[in-house]
Amino acid sequence: MICCGFGHRVLLMDVEKPLREVLERLVEERGVRGVYTGGMGEFDELFARTVRSMKRECPSLRLVLVMPYLTHKIAIGKKEDGTMYGGQIARATSIGPGRRWHEAQYDEILIPAELDGVHPKAAIGQRNRWMVDHSDIVVAALHRDFGGAAEAGRDAEKVGKEVMGVNGI
């Protein structure tokens, strides 16, 4: 069973505890073993960090970064202190220190083949739809009804996916 998560780029509510509770229920009661994340904002980072911490108790849990397109961060990336590696932009096919950093954070990095050649602005929404289509359950932390995360939540409901809301205090 696979779930994915959506939330706004900037979190305006504290969802850390309810998010962990929802993810623990999904793993323990529903058998979720695959987790897709978009890796583009505060919610995505919290979502991924929570899954990483849960992997200690459930090593079979897999965290997959689903990217809308190849970025230079994969080829160059960040150092452990959060600063970018310098120098020229590495070619997408090179395995630079940034790619190693991402590979250490995620069990898999995936760019759906359907997104090949899609304009970057459109690719994010299409990546979100791909995540919804390829997940059994959607976890959503939404505090407004517009933006890419809200659109992904509506897409999930339209296609009949189970959407589990995470509300902060």
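I began with the rings, and I found that the structure holds two aromatic pairs. I followed up one of them, in which Y36 and W130 form a tilted pair, with 5.4 Å from centre to centre and 50° between the planes. I keep in mind throughout that this is a predicted model.

Next I looked up where these two partners sit along the chain. Y36 belongs to strand β2 (residues 34-37) and W130 to helix α5 (residues 120-133), so the pair links distant parts of the chain, 94 residues apart.

Are the two partners buried or exposed? Y36 has a relative accessibility of 11%, and because buried means under 20%, Y36 counts as buried. W130 also has a relative accessible area of 11%, and W130 is therefore buried by that cut-off.

I then turned to helix α5 itself, which has 14 residues and reaches 20 Å from its first C-alpha to its last, close to the 20 Å expected at 1.5 Å a residue. Which residues of α5 are buried? I noted A123, R127, N128, W130, M131 and V132. What covers these buried residues includes the strands β1 (2-7), β2, β3 (62-66), β4 (108-110) and β5 (137-141), together with helix α6 (148-158).

A separate entry concerns a charge and a ring: R52 lies over the face of Y106, at 5.3 Å from the ring centre.

I also looked up T50, which is found in helix α2 (residues 42-54). T50 has a relative accessibility of 6%, which is under the 20% cut-off, and so T50 counts as buried. What does T50 touch, leaving aside its neighbours within four places in sequence? I found that T50 is in contact with L19, R20 and L23.

Finally I stepped back to the whole protein chain, which has six helices and six strands. Read along the sequence, these elements follow the pattern β-α-β-α-β-α-α-β-α-β-α-β. Of the 169 residues of the chain, 41% count as buried, and the accessible surface comes to about 9300 Å², of which 50% belongs to carbon and sulfur atoms.

Key
Residues numbered from 1 in each chain as written. Predicted model: local features only at pLDDT ≥ 70, side-chain atom pairs only at ≥ 80, totals over all residues. Heavy atoms only, no water. Phe/Tyr/Trp six-rings, centres within 6.5 Å; stacked < 30°, edge-to-face > 60°. Helix = DSSP H or I, 4+ residues; strand = E, 2+ residues; numbered from the N terminus. Buried < 20%, exposed > 50% of the residue type's maximum accessible area, 1.4 Å probe, protein only. Lys NZ or Arg CZ within 6 Å of the ring centre and 35° of its normal. Expected span 1.5 Å × (residues − 1). Contact = heavy atoms within 4.5 Å. Areas by Shrake-Rupley, 256 points an atom, 1.4 Å probe, with all protein chains shown as cover.
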